[in-house]
Amino acid sequence: MLGSTAFFALMVITIRLASESLHTFEIAFFRSFFGMLAALPLLLKHGPGLLRTQQMPRYIVRCVLGTLSMFCGFWAIGHLPLAQAVSLSYSTPLFVTIAAVLWLGEQVRVRRWSAVILGFIGVLVIVRPGTTEFSAGSLVAVSAAIISGIVAIQIKQLAYTEPADRIVILTTILWVPLSLLPALWVWEWPHGIVWLWVVLAGVLGTGGHMLWTRALKLGEVSALIPISFMQLPIVVVFGYFLFGEALDRWTLLGAAIIFSANGYIAHREASLARRAASTAPTIAAKPGN
């Protein structure tokens, strides 16, 4: 999980560096294209059968929404202070909780709803609507988090019947044409070191996603989520030395509130999952089995 966090943090830095000379649409395309190349070894491991699925309509919807989320998130990274953009991205689990109630019919009780409300207070602390510091661009970052929450629910639904590697490879493949179409309207070839930034964005993004999915298989979400918050200090350090960005105290306070809410939600979901597993009926083995 720490490796995944470092990969995603470095991806944010490369996106910001590429944003100085490339449009958001192009960065999203190159991230998707080079991310797909980084994921192709999965086909060598599993064979072409990995691409066969009966859930293609769901994949297409998931990838269209994922592309929109990527556009919003990458724009926020390129145009907002990095600490603010990353902090607001951590509000995604709050929207996942709401989407789980609406789409999956999951029961969420008072304590988790309280954590969601607390998390939204953290978002308001960062965005500060109605003040002179309010930036409409921060709403783009929030939009990315909302769409990411919906996408997370769709991935959860796909995971009921689809292996993780199939979700990764089909997603990265579909992202390429979906992100290419808008990029063509603003196309400009990268020059010099910008090529390095867009290649790294794709490789780091796919590598981080692979490490993240494997971390969730090996450990409990409640233990792993706090590690993922290390992305913020990594980004803050790079933001200070590369772009001269100081950490705003309101962003720090809002991020702390959001992290606390997410930590409780992750802990609560893990506790409920353990309780369900411990109370599940067991089937007695028959003699001779």
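**Figure 1. An aromatic cluster.** Phe29, Phe30, Phe33, Phe34, Trp187, Trp189 and Trp195 come together in one aromatic cluster. Rings of Phe, Tyr and Trp (its six-membered ring) pair if their centres lie within 6.5 Å; planes under 30 degrees apart are stacked, over 60 edge-to-face, and the rest tilted. The structure contains 13 aromatic pairs. This is a predicted model, in which local features need pLDDT of at least 70 and side-chain atom pairs pLDDT 80 or more, while totals for chains, interfaces and linings use all residues. Residues are numbered from 1 along each chain as its sequence is written, and side-chain values use heavy atoms, without hydrogens or water.

**Figure 2. The pair of tyrosine 90 and phenylalanine 259.** The ring centres of tyrosine 90 and phenylalanine 259 are 5.0 Å apart and the planes stand at 85 degrees, so the pair is edge-to-face. Tyrosine 90 lies in the loop between helix H5 (82-89) and helix H6 (92-104), and phenylalanine 259 in helix H13 (residues 249-279), so the pair ties together parts 169 residues apart in sequence. Both tyrosine 90 and phenylalanine 259 are buried. Buried means under 20% relative accessible area, exposed over 50%, and partly exposed in between (1.4 Å probe, protein chains only).

**Figure 3. Overall fold.** The protein has 13 helices and zero strands. Helices (H or I, at least four residues) and strands (E, at least two) are DSSP runs, numbered from the N terminus. Buried residues account for 46% of the 289 residues in the protein.

**Figure 4. The nonpolar cores.** The largest nonpolar core has 59 residues; Ile15, Leu42, Phe74, Leu88 and Phe259 have the most contacts inside it. Helix H9 (residues 164-185) gives the most to this core, with eight residues. A second, separate core of five residues includes Leu94, Ala115, Val116 and Ile265. A nonpolar core is a set of buried Ala, Val, Leu, Ile, Met, Phe, Trp, Tyr and Cys residues joined through side-chain atoms within 4.5 Å.

**Figure 5. Surroundings of phenylalanine 74 and threonine 24.** Phenylalanine 74 touches Ile15, Thr24, Ile27, Ala28 and Arg31, leaving out residues up to four places away in sequence. Contact means heavy atoms within 4.5 Å. Threonine 24 is found in helix H2 (residues 24-39). With 8% relative accessibility, threonine 24 counts as buried. Apart from neighbours within four places in sequence, threonine 24 is in contact with Phe71, Phe74, Trp75 and His79.

**Figure 6. Helix H9 and its bend.** H9 has 22 residues and reaches 33 Å from its first C-alpha to its last, close to the 32 Å expected at 1.5 Å a residue. The expected span is 1.5 Å times one less than the number of residues. H9 bends by about 25 degrees at serine 179, and proline 182 follows within four residues. The bend is the angle between axes fitted to the seven residues ending at a residue and the seven starting there. Tryptophan 185 lies in helix H9. At 77% relative accessibility, tryptophan 185 counts as exposed. The C-alpha atoms of tryptophan 185 and glutamate 26 are separated by 9.4 Å, although 159 residues apart along the chain.

**Figure 7. Serine 138.** Serine 138 lies in helix H8 (residues 137-159). Its relative accessibility is 1%, so serine 138 counts as buried. Serine 138 touches Leu80, Gln84, Leu88 and Val127, not counting residues up to four places away in sequence.
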